[in-house]
Amino acid sequence: MPKKEKSFSAGEVIFKQGEPCKTVYTIVEGKAELFYEINGKARILSRKGEDDQLGADAVLEGAYATSAR
């Protein structure tokens, strides 16, 4: 699978909890938050930085377990 770079604005949602996993992301620059939506409020689970991956665990499960922004 070819690697592509994609930029996101601050606060922009990268993927949502429950969506089918289509992509695994590696953070090249910046930071991201993993969070759950509970009763319309975001509950931050962790923060990721450069060289961290987002969505790698979802590949086997088929869907993202959390949301990321």
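# Chatting about exposed loops and salt bridges

Biologist: Let's start with N39: buried or exposed?

Modeller: N39 counts as exposed, because its relative accessibility is 77%. By the cut-offs used here, buried is under 20% relative accessible area, exposed is over 50%, and partly exposed lies in between, with a 1.4 Å probe and protein chains only. Residues are numbered from 1 along each chain as its sequence is written, and side-chain values use heavy atoms, with hydrogens and water left out. This is a predicted model, where local features need pLDDT of at least 70 and side-chain atom pairs count only at pLDDT 80 or more, while totals for chains, interfaces and linings use all residues.

Biologist: Thanks! And what is the place of N39?

Modeller: N39 is in the loop between β2 (32–38) and β3 (41–48). Strands (E, at least two residues) and helices (H or I, at least four) are DSSP runs, numbered from the N terminus.

Biologist: What is phi of N39 near?

Modeller: Phi of N39 is near 50°, which is a positive value in a residue other than glycine. N39 belongs to the hairpin of β2 and β3, which has two residues between the strands.

Biologist: How do β2 and β3 pair, and over how many bridges?

Modeller: They pair in the antiparallel sense, over seven bridges. Two strands pair if DSSP finds at least two bridges between them. Within this pairing, L34 stands opposite S46 in β3.

Biologist: Switching to charges, how many salt bridges does the count come to?

Modeller: The count comes to two salt bridges. The rule asks for a side-chain nitrogen of Lys or Arg within 4 Å of a carboxyl oxygen of Asp or Glu. In general, side chains of opposite charge can pair when their charged atoms come close.

Biologist: Which residue does R47 form a salt bridge with?

Modeller: R47 pairs with E33, and the closest N and O atoms are 3.3 Å apart. This pair links distant parts of the chain, with R47 in strand β3 and E33 in strand β2, 14 residues apart.

Biologist: And which side chain meets R69 in a salt bridge?

Modeller: That is E33 again, at 2.9 Å from N to O. Here too distant parts of the chain are linked: E33 is in strand β2 and R69 in the segment after β5 (67–68), 36 residues apart. Salt bridges that share partners therefore join E33, R47 and R69 into one network.

Biologist: Is E33 buried or exposed?

Modeller: E33 counts as buried, because its relative accessibility is 17%. R47 is exposed, since its relative accessible area is 58%, and R69 counts as partly exposed at 28%.

Biologist: Now the surface: which residues form the negative patch?

Modeller: E29, E50, D51 and D52 form it. Patches take residues with over 30% relative accessible area and no salt bridge, joining like charges within 9 Å and nonpolar side chains (Val, Leu, Ile, Met, Phe, Trp, Tyr) within 5 Å. Asp and Glu count as negative, Lys and Arg as positive, and His and the chain ends are not counted.

Biologist: Where does D51 lie?

Modeller: D51 lies in the loop between β3 and β4 (53–54). D51 is exposed, because its relative accessible area is 67%. Phi of D51 is near 75°, positive in a residue other than glycine.

Biologist: Last one: which residues form the nonpolar patch?

Modeller: V24, V59 and L60, with about 320 Å² of accessible area together. Accessible areas come from the Shrake-Rupley method with a 1.4 Å probe, and for residues only the protein chains shown count as cover. L60 sits in helix α1 (residues 58–61) and is exposed, with a relative accessible area of 84%.

Key:
Charge placed at Lys NZ, Arg CZ, Asp CG, Glu CD.
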